[in-house]
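Trainee: Please take me through this structure one question at a time, and give me the cut-offs as we go.

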Amino acid sequence: MRPERAARSVFRCHLEDGLRRARAAAGRPGGRLSRVPEESLGAVVSPRPGICCPGRGGEKGLMAAKHQPNAPKTKSPGSVANGGAVTQGQWGRAWEVDWFSLASVIFLLLFAPFIVYFFIMACDQYSCSLTAPVVDLATGHARLSDIWAKTPSVTKKAAQLYTLWVAFQVLLYVSLPDFCHKFLPGYVGGVQEGAVTPAGVVNKYEINGLQAWLITHALWFANAHFLSWFSPTIIFDNWIPLLWCANILGYAVSTFAMVKGYCFPTSARDCKFTGNFFYNYMMGVEFNPRIGKWFDFKLFFNGRPGIVAWTLINLSFAAKQQELHGHVTNSMVLVNVLQAIYVLDFFWNEAWYLKTIDICHDHFGWYLGWGDCVWLPYLYTLQGLYLVYHPVQLSMPHAVGVLLLGLSGYYVFRVANHQKDLFRRTGGRCLIWGRKPKAIECAYTSADGRKHHSQLLVSGFWGVARHLNYTGDLMGSLAYCLACGGGHLLPYFYIVYMTILLTHRCLRDEHRCASKYGSDWERYTAAVPYRLLPGIF
Ligand code: NDP
């Protein structure tokens, strides 16, 4: 969102900044309980007027506020009510892709599936060593074709299992209105509204994820203890064949979403066309693609097949550890418990999740579609997988330390997110840390020209740093990794990845907020100067 006459110097700074960040972030997929690379690519854009939705009303806005870590200097006038608006509000859209961004997109489209394959194959064939396959290949002890030949291919059983799984989740999503909110005090479910989109649309969602999670897990436990229809190790036993199925779905849904965006979008005014096919494919064209009234792609793929499966996958790994080693280690219990808390938190707060970046700002493309189908279930569960091959039994102090770190991370994550949600929901009429919250008044304009009013919280955790919710998330992520001991690098991939993901997400979000709120955002960054770690960053 940038005035049509964006000063050249600002444009240059923006571009350089985008490139710098993209270089730093290049080469790794990444999103909320998900995904891939927009985290690394979103910023690599250059402003240009009048791109987006050709033939559908067009857009005059520009997306390009100069971003600077601690205090964005851009006034970001376009769309910002107090910044001398030039055009309509178009935050988060109308981008043009530079060469580096394009190269990164193509790289990730081609290689992200191999990155996932590499990790899973390393466990399967090299007992989770990341270096052994590289050394084998480098020294000629193995050829790529040998490794590939030892890799299980897709099987009929895996295809049936996966189809059944996805079909069951679709069924739970579309045909079972939420009943949990009727008897669970404090739980918000049923029909809820999302945030205002850039085109000014407010979508309705059926929030029934907790119910889907409970039913799925009740069936899992019923099977494990009474029905015995399948072995609880079924997921582990078919892990690589299922990977191929997940990839097929990930690519199919991303391709469908792309075609749909061009041919029959749900909301044409919320489409984003950069003029680059690969970038559109990866980052998505449609903002909220839907089939019918209720099947929302973003909510379903972000929240269902992958995240509901996360805890089941961990349970299957625990069952396999029991089968192979005769017991379940305390590290496996810790990983299962800490990650289950995170997953349950997600479903308990699904209505809140409608207001997070994934749903509010990201378009639906390969980054979310493939990322949710493949990246999330396969790479977020690496700790459990590792512990099947390396049954680490932690000393009591180590286990207690991991538990405390995980729980305190979760506390910061949850309370920070709750404070912002409470503040926004009540319009500031609430108490935060026992006091009336302080806020910065701000305003912006949506693409339909309407002005909106908003507030930025400067109390509670939001007064300590601008993204302490990410810091809490990182503490929890570190705890999962530390639960695996120090034998191998593989389980630590998660904290490295999350650090890159959330740091870059933080930068990307601030870039967007600077565009959206202009000088009001500058007042906020002046009041709260640090992002993730007070005094450091
Ligand atoms: P936030 O919940 O931090 O949302 C950022 C948005 O909040 C901003 O764009 C802005 O939106 C608004 N905002 C920013 N500052 C303030 C303030 N001071 N007061 C009020 N509103 C403010 O980010 P996410 O949606 O990325 O993350 C939500 C949670 O999900 C986080 O805890 C994160 O850790 C987690 N997450 C987990 C991932 C995973 O893979 N495990 C990946 C990504 C996120 P607006 O336009 O409304 O003003």
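This is a predicted model: local features need pLDDT of at least 70, side-chain atom pairs count only at pLDDT 80 or more; totals for chains, interfaces and linings use all residues.

Trainee: How far apart are the end C-alpha atoms of residues 477-502?

Mentor: An unreviewed UniProt entry annotates residues 99-120, 364-382, 394-413 and 477-502 as "transmembrane region"; the positions follow the numbering used here, feature names are shortened, and such annotations may be inferred rather than shown by experiment. Residues 477-502 are 62% helix and 0% strand. Their end C-alpha atoms are separated by 11 Å.

Trainee: What percentage of the chain's residues is buried?

Mentor: The chain holds 23 helices and 8 strands. It exposes about 20700 Å², with 66% supplied by carbon and sulfur atoms; accessible areas come from the Shrake-Rupley method with a 1.4 Å probe, and for residues only the protein chains shown count as cover. Buried means under 20% relative accessible area, exposed over 50%, and partly exposed in between (1.4 Å probe, protein chains only). Of the 537 residues, the buried share is 59%.

Trainee: Which residue marks the bend in α3?

Mentor: The bend at a residue is the angle between axes fitted to the seven residues ending there and the seven starting there. In α3 this angle is about 45°, and proline 113 follows the bend within four residues. Just after α3, serine 127 has a positive phi of about 50°. The bend itself is at phenylalanine 111.

Trainee: Which residues make the nonpolar surface patch of about 400 Å²?

Mentor: Patches are made of residues with over 30% relative accessible area and no salt bridge, joining like charges within 9 Å and nonpolar side chains (Val, Leu, Ile, Met, Phe, Trp, Tyr) within 5 Å. Leucine 110, in helix α3 (residues 99-126), has a relative accessible area of 48% and counts as partly exposed. The members of the patch are Phe107, Leu110, Phe111 and Phe114.

Trainee: Which residue in β4 stands opposite glutamine 192?

Mentor: Two strands pair if DSSP finds at least two bridges between them. Strands β3 (residues 190-196) and β4 (residues 202-207) run antiparallel and are joined by 5 bridges. They form a hairpin with 5 residues between them, and glycine 200 in the turn has a positive phi of about 90°. Glycine 190 faces isoleucine 207, and glutamine 192 faces tyrosine 205.

Trainee: Which residue forms a salt bridge with lysine 204?

Mentor: A salt bridge is a side-chain nitrogen of Lys or Arg within 4 Å of a carboxyl oxygen of Asp or Glu. Here the closest N and O atoms are 3.6 Å apart, between lysine 204 and glutamate 193. Lysine 204 lies in strand β4 and its partner in strand β3, so the pair ties together parts 11 residues apart in sequence.

Trainee: Are aspartate 509 and arginine 512 buried or exposed?

Mentor: Their side chains meet in a salt bridge at 3.8 Å, N to O. The two residues are 3 apart in helix α22 (residues 493-517), which means about one helical turn separates them. By relative accessibility, aspartate 509 and arginine 512 are both buried.

Trainee: Which residues do salt bridges that share partners join into one network?

Mentor: The whole structure has 14 salt bridges. One of them links aspartate 146 and arginine 143 at 3.4 Å, N to O; aspartate 146 is partly exposed at 27%, whereas arginine 143 is exposed at 54%. Another case is the salt bridge of aspartate 509 with arginine 512. The network formed through shared partners consists of Asp237, Lys320 and Glu323.

Notes: Residues are numbered from 1 along each chain as its sequence is written. Side-chain values use heavy atoms; hydrogens and water are left out.
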